[in-house]
Amino acid sequence: MAPVTNARVIFNSVPEGYPEPGKTTVYDITQTIDLDTAPLNGGVLLKILEVSIDPYLRGKMRAPNKKSYSPPFTLGEPIDNFAVAVVVRSEEERFKKGDHVYGVLPFANYTIVTTTKELRILDNKHNLPWSVYVGAAGMPGKTAYMAWKEYSYAKKGETVYVSTGAGPVGSLVIQLAKQSGCRVIGSAGSDEKVAFMKECGADVAFNYKTENVRDVLEREGGIDIYWDNVGGETLDAALEFAKLGGRFIECGMISGYNTGGAVTKNLFHVVAKSLSVYGFIVFRLHEKYETQFYEEVPQLLAEGKLKYSEHVWEGLDKAGEAILAVQKGTNKAKAVVKVAQE
């Protein structure tokens with residue numbers, strides 16, 4: 001077979017504010033690959049099908065001297081994230097042609113992986129769309145499921161507030177909180193997203209662009225649990241209206257990702273109200289919960305007992321656009337780039 005184009009999305013420059021398509025990331029079509037003869041060196045050749053676009057990618061778009069929990073992208077090399085791919089060829093006995101796998105993979109049409117222990121073979125016995133395995137049945141779903149189980153200490157009748165409640169993490173948290181017998185308040189940035197939160201069972205769903213967060217939390221009598229995806233002023237409001245002994249699950253703080261950080265002024269409420277604040281990174285919970293997650297969540301999604309929503313960009317060349325949309329909150333649901341059909 002003649003070589004084929006292996007398009008990639010390259011990390012081109014460190015952004016000062018929002019990541020700019022064509023500047024921060026560049027769609028590159030200069031590389032080719034021979035699918036029949038490319039050396040595998042004991043590994044597997046994968047065709048990428050679906051890649052996840054997540055808020056935390058912005059933190060990887062930094063200079064290499066800045067330390068964080070996750071390594072930075074390398075300038076001049078493809079960016080990467082959680083993805084679903086299909087095996088084209090394999091020299092590794094665990095994999096066979098046609099297997100579908102999940103793991104962190106480059107934004108590319110094809111890739112050769114020689115260190116395969118982190119790749120998970122997906123049996124997909126519930127026939128979910130492959131895109132779901134980078135969303136509700138992937139890292140975002142794990143984030144909601146594992147941290148809710150680990151940190152919520154939810155009791156029936158408590159009030160939970162979920163920011164970014166229409167996103168892939170927040171929408172699942174709303175549903176888990178309802179299953180725990182809680183009353184749920186959710187906020188998001190559009191009327192369409194408010195409608196989805198209501199579909200997920202939120203008792204109170206509001207658009208934070210048209211209603212003041214403080215006014216809503218005061219009206220609803222305060223909160224016992226806050227799931228934070230936003231930080232900044234929203235976190236301040238949650239601290240102000242937290243009840244004694246409340247729990248704060250700190251998942252993300254997107255309000256400061258592109259501005260150099262967002263100030264929080266009300267931290268003394270942690271002391272005054274004896275609040276518990278739990279920060280976490282989901283992979284640190286994998287050992288405890290991953291098996292249970294895959295046993296339960298894909299089936300619940302397939303049965304419609306857990307709801308999800310997707311915003312799909314068609315083609316790898318749209319990755320930069322999708323990344324920017326997630327940072328600005330203009331995506332309508334879980335952001336996925338469909339790289340290829342099988």
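N127 lies in the loop that runs between strand β9 (120–121) and helix α2 (139–151), where helices (H or I, at least four residues) and strands (E, at least two) are DSSP runs numbered from the N terminus. The model is predicted, so that local features are reported at pLDDT of at least 70 and side-chain atom pairs at pLDDT 80 or more, whereas totals for chains, interfaces and linings use all residues. Residues are numbered from 1 along each chain as its sequence is written, and side-chain values rest on heavy atoms, with hydrogens and water left out.

Most residues other than glycine have a negative phi. In N127, by contrast, phi is positive, near 55°, although the residue is not a glycine. The relative accessible area of N127 is 66%, and the residue is therefore exposed, under a scheme in which buried means under 20% relative accessible area, exposed over 50%, and partly exposed in between (1.4 Å probe, protein chains only). A positive phi, of about 45°, is also found in Y153, which is likewise not a glycine; Y153 is placed in the loop between α2 and β10 (159–162).

With a disulfide defined as a pair of cysteine sulfur atoms within 2.5 Å, the count of disulfides comes to zero. The cysteine sulfur closest to that of C182 belongs to C200 and is 16 Å away, which is too far for a bond. C200, for which the nearest cysteine sulfur is that of C182 at 16 Å, is accordingly in no disulfide. C182 counts as buried, at 3% relative accessibility, and C200, at 6% relative accessibility, also counts as buried.
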